[in-house]
Amino acid sequence: MGNVLPPVTALLPVLLLAFTGLALLLVDTVRPDARSNTSSAVAAALGSLVALAATVWLTVTGVGSADAGGAVLLFADAIKVDTMALFFTAIFASVTSLVVVAAHDYFHDHADPAAFYSLVVFAATGMALLAVSNSLAVVFVALEMVSLPSYVLVAFFKKNRGSVEAGMKYFLVGALSSAIFLFGISLVYAATGSLILSDVGDAMGSLDGLVGIAGLGIVMIVGGVAFKTASVPFHFWAPEAYEGAPAPVSAFLSSASKAAGFVVAFRLFTEAFPVGASLAADINWVLAFGVLAAVTMTLGNFAAAVQEEVKRMLAYSSIGHAGYALIGVAALSADGSGNGAVMGAAMAHLLVYGFMNTGAFLFVAMAERWGVGRTFQDYAGLARRAPVASTAMAVFMFSLAGLPPFAGFFSKYFLFMGAIDNGFVWLAALGAVNSVISLYYYSRVVKALFIDDPESSSSLDAVDVRPTALYAAVVFAAVATVLLLPGFGPVIETAEAAASALF
Amino acid sequence: MVDAFAYVPAIVLLPFFSFLVALGAGRYLPKGGAFGGIAATAGSFLLSLWVLATVAGGRAYNETLYYWASEGGAGIGPTDIELTFGVLIDPLSALMLVIVTLVALLVHVFSLGYMNDEGETGLPRYYAGLGLFTASMLGFVVADNLLMAFMFFELVGLCSYLLIGFHFREPGPPSAAKKAFLVTRFGDYFFLVGVVAVFATFGTATFAGEGSFPALADAALNGSGSVAWIPGGLELQTWLTIVGLLVLGGVVGKSAQFPLHTWLPDAMEGPTPVSALIHAATMVAAGVYLVARMYGFYALTPTTLAVIAFIGGFTALFAATMGLVKDELKQVLAYSTISQYGYMMLALGAGGYVAAVFHLTTHAFFKALLFLGAGAVIIAMHHNEDMWDMGGLKSKMPVTYYTFLAGSLALAGIFPFAGFWSKDEILYEALVHAPGEPLLFGGYLMGLLAVPVTAFYTFRMVFLTFHGEPRSATARDPEPVRWNVKGPLAVLGTLAVVTGFINMVPVQKVLGLEGIDVLHRWLDNEWGGIDGLSSHHYADLGPYSSEYLVGGEVGTVLVGAAVSLGLALTGVLVAWRLYNVPSPTEHTAKLGGIKDVLYNNYYLDELQVWLAYRTEDVAGGADTFDQGIIDGVVNGVSSVSLFGGNRIRRIQTGIVSQYTAILTLGLVALILVLGVTGGWFL
């Protein structure tokens, strides 16, 4: 289709998201009377759904795939649209639409919710841009474009001390990480003489005494990625930001923003710093990611096991899942025939995770909307009053734990199998042990919902409203989590094809 | 012309639809969905007749219909296994289709009288069960590979569970249903391992054709081929024997052979028409049919054949002795079923493939007849099954009496009723193949001894039920039965008399009349069939040669027939003397201590319970290990993780400057590790 339509069509999802964000902002600024929670939510949802439709359409028509002439390069190679970019754009657009639909009920009594929608859509625009960026400069700009709205979103409850404090900490840690990332970029530029990823990749073969500079820069870039994916030790902002932020924002950050971090990692560490050339130059970033993955999944799961509040447990579990997804870059090898398989499995895991984790946070959003409390005990017996939502939550929990027959089982299975095939048995074994631990705290939620008795007969009286849009978003996420099981074949095939095209 | 084989799936699906209809809409239909079941089985019966006629027209059918895993070569595992559903129609399966559909149809009609007229509740559930039962058995019969056969075999087991436990509110039936399910499951466990072993060994589990596993096994034994896998350096012959015995586990469970026969007498708790279906045409028949279906495989392993023959002969005698002392009508029939299937196994083990199929056919009719007749008596007696409360029913219910008598004569093996011909052929085959085969000879002797015992308990049952003076008020004034009971009895009564004539081998051999051994020629593909699935081929494969006693072949036939008929008549006469009196008394006391042993079924139930408890002890040991060692490790991991988690929690102090410090130190540590190992600072 590249022959029929101008190549810039490939940027349609990004442009649609940007246009939606601008329109929301414009209406909010110019005609403050015309905006309302509902109209803003509908506009944001429509915009993200149209972007999703455009992404799916581009994927189906084969834009950027190897069959249709390879990736679409735009703006002097600064932008590159390929299957992986579209795959991740689909994750971002799906999560965004779920979050804005759910937010409609969550912010039902907020005085000025319109800004929320434009900020979310702008952040999504930044993520979509991040997915297609092909130059270190664009990567940095897009990353900031994701981060800055995120800081504001976390602190969206201006009067809430927790929300503002979390936003502040997020911003401070984020500023430090951005500085490290930018410093890393400059060192890499110094060593290779280019910002275009493919040129950097070519220069990696002939560093001529600049190995130290390049290596230092690469490790700093690893640090920047680790911040965005909330990997240990760059994770400190995450538990507090996720807990303090409004629950839809936590869902957005822990699913979409994390995936954005991974798309950068996948892009940079295949094109700019190819495994073979890096290892040949004694820059063993694979080991760095291996350490990060191991520490992240272990710390995330251990910490999640001892939490008393469901939202904070989910925050740590989200850190643990970042550890699993890091296997996608940590289990690469120089000659690896299985590189595409393991990275593709990580992508598929992020897609599945996008639905199940968003759904779980949105259930928390629903609980906050009801006002039933935040701890495991407060959730006791909720299934009696809200059986549909509780069933959906059970689906998310079991899927996050990786139990068959839910989609989370298959994505994790392919990920660990890919790691084993590529010779990283220890990572897979560690991942399996961590999954067992995670089953403990995930099943605590299900036990509380379905088995435990409520503390008092009146403690469930708070469940007196039926937030339709939140329900719709939660149920849709649950249905997607279940349907991804039969639909996992095409997903993993697309993901592996996209990943294989990178090597 | 329209091809009959295109409708084979419909034979299976029609009863399945009746199951769905009865389940979904049975409540709103007249008679609880009975008519749907009758129409469906009647349709299946007509289609089966058509298929039989088509096979008689010289054609056969072996077609894979559906690949449910790995179509087109991209198979699973190292041997490229394909998992399929298919249909295999040859003379054997065509004959079995007719038997199953006919018996199922008659059982459906009879149920109108037994269930509907008696005002039972839960009829939709009952007819749904019957429909699924029939459909599962038909699917099993037409299966073209072992895995498909296994799946339908399991469905048959499930349906028997549902139907035996039909009266689930009473204490007995649910327990009997569980027992039937668990005991047959024990055998099926071996069967499943056998199926996997067949797949692993041959890469296929199809029954017929060039690439079927019996053909591959034959080729491998001849040295003209090889198998994909043999575990641990076993001899090929040994391994094939092991595989055959594994599959035999399922057969022993389903066909109620020693030692897994204990579920069957308890299964009498189910409604009587269900017992008829289970014993005559579906569940119990499934085991024997499976051996016949893959006989080309069993014929290759003499050890397995000998084991089959010995188990069969032993079961025939063993079950017959237990039938001697039972007081309840259906209990006697239950033990007779076990015993008769023992005969079929003896025939299969003795190389008498045709004889086994012959006895399967005749037995299907006369045992269905006897059960339905017993059902009629039970209706008349207001569900009192104790024979000591009966007596004198002969004049009150003549249709039931005469048909029941025909069935009993067939069961006892009296000339010229159906059972005589088939049982005689089994004993003949065992006899001529026995020399030099001690296990087979033992089986033959036990089978022969079981003949008078069978005749005795059969006629003890007949005399106690129908002859003499009525011994209770209900027996003096029994409830009348209607056409829907008498009709099926009449049909089956006729068949019990005439079915034997389809295979009059002794007459042919003695008189030299050619062409009256129809079943022999039918199973020998004389009209049509599939290469490699003929009785002739099986005889070539088999290990046996024939040796005759006095007077060559004719003499042996005559002596054999005379001995078995004489023994049967002896049994009948003894029963006549003891029980055909106006007021018979129990003679079991004369048996002394043996009586208790027989009453208690040789204490086998107790033995199995004891074994179950010993298994529980072993399981207890495993449980201790699990609780102590495994759970200990798991609990250890979890307490470590909880402890560690608490430590980690403390790192999250909430102070940003500490976070940034740890973050920076972590980055520096990473840089140092990579830098030092990569030599960046040199």
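1. In the predicted model, Ala85(A), Phe88(A), Thr89(A), Phe92(A), Ala93(A), Thr96(A), Val99(A), Val100(A) and Ala103(A) of H3(A) meet Phe116(A), Tyr117(A), Val120(A), Val121(A), Ala124(A), Met127(A), Ala128(A), Ala131(A) and Val132(A) of H4(A). Two residues are in contact if their C-beta atoms, placed from the backbone, lie within 7 Å. By class, this contact of H3(A) with H4(A) has 16 nonpolar, two polar and no charged residues. Ala, Val, Leu, Ile, Met, Phe, Trp, Tyr, Cys and Pro count as nonpolar, Asp, Glu, Lys and Arg as charged, and the others, Gly among them, as polar.

2. Helix H3 (residues 83–106) and helix H4 (residues 114–132) of chain A pack at an angle of about 170°, with their axes 9 Å apart. Axes are lines fitted to C-alpha atoms, for helices over the stretch in contact, and angles run from 0 to 180 degrees between N-to-C directions. H3(A) and H4(A) are therefore roughly antiparallel to each other; angles under 35 degrees count as roughly parallel, over 145 as roughly antiparallel, 65 to 115 as roughly perpendicular and the rest as oblique.

3. On numbering, residues run from 1 along each chain as its sequence is written, while chains are lettered from A and ligands numbered from 1 in the order in which they are written. As this is a predicted model, local features need pLDDT of at least 70 and side-chain atom pairs count only at pLDDT 80 or more, whereas totals for chains, interfaces and linings use all residues.

4. Chain A averages a pLDDT (the predictor's confidence in each residue, from 0 to 100) of 86, and 98% of the residues score at least 70. Within chain A, confidence is lowest in strand E1 (residues 72–74), at a mean of 81, and highest in helix H5 (residues 136–154), at 92.

5. The secondary structure of chain A comes to 20 helices and two strands, and that of chain B to 28 helices and two strands. Helices (H or I, at least four residues) and strands (E, at least two) are DSSP runs, numbered from the N terminus. Of the 503 residues of chain A, 64% count as buried; for the 682 residues of chain B the figure is 56%. A residue is buried if 20 or more other C-beta atoms lie within 10 Å of its own, exposed if 12 or fewer, and partly exposed in between, with C-beta atoms placed from the backbone.

6. H16(A) and H18(A) pack at an angle of about 170°, with their axes 8 Å apart, and are therefore roughly antiparallel to each other. Among the residues making this contact are Met393(A) and Phe398(A) of H16(A) and Leu439(A) and Tyr442(A) of H18(A). The contact divides into 12 nonpolar, four polar and no charged residues.

7. The 15 residues of helix H17 (residues 407–421) of chain A should span 21 Å at 1.5 Å a residue, and the end C-alpha atoms are 21 Å apart, which agrees; the expected span is 1.5 Å times one less than the number of residues. Buried residues of H17(A) include Phe410(A), Lys412(A), Phe414(A) and Phe416(A). Helices H16 (387–401) and H18 (425–450) of chain A are among the elements covering the buried residues of H17(A). Just after H17(A), Gly423(A) takes a positive phi of about 90°.

8. The contact between the chains takes 25 residues from chain B and 27 residues from chain A. On the side of chain B that touches chain A, the largest share, 13 residues, comes from H28(B).
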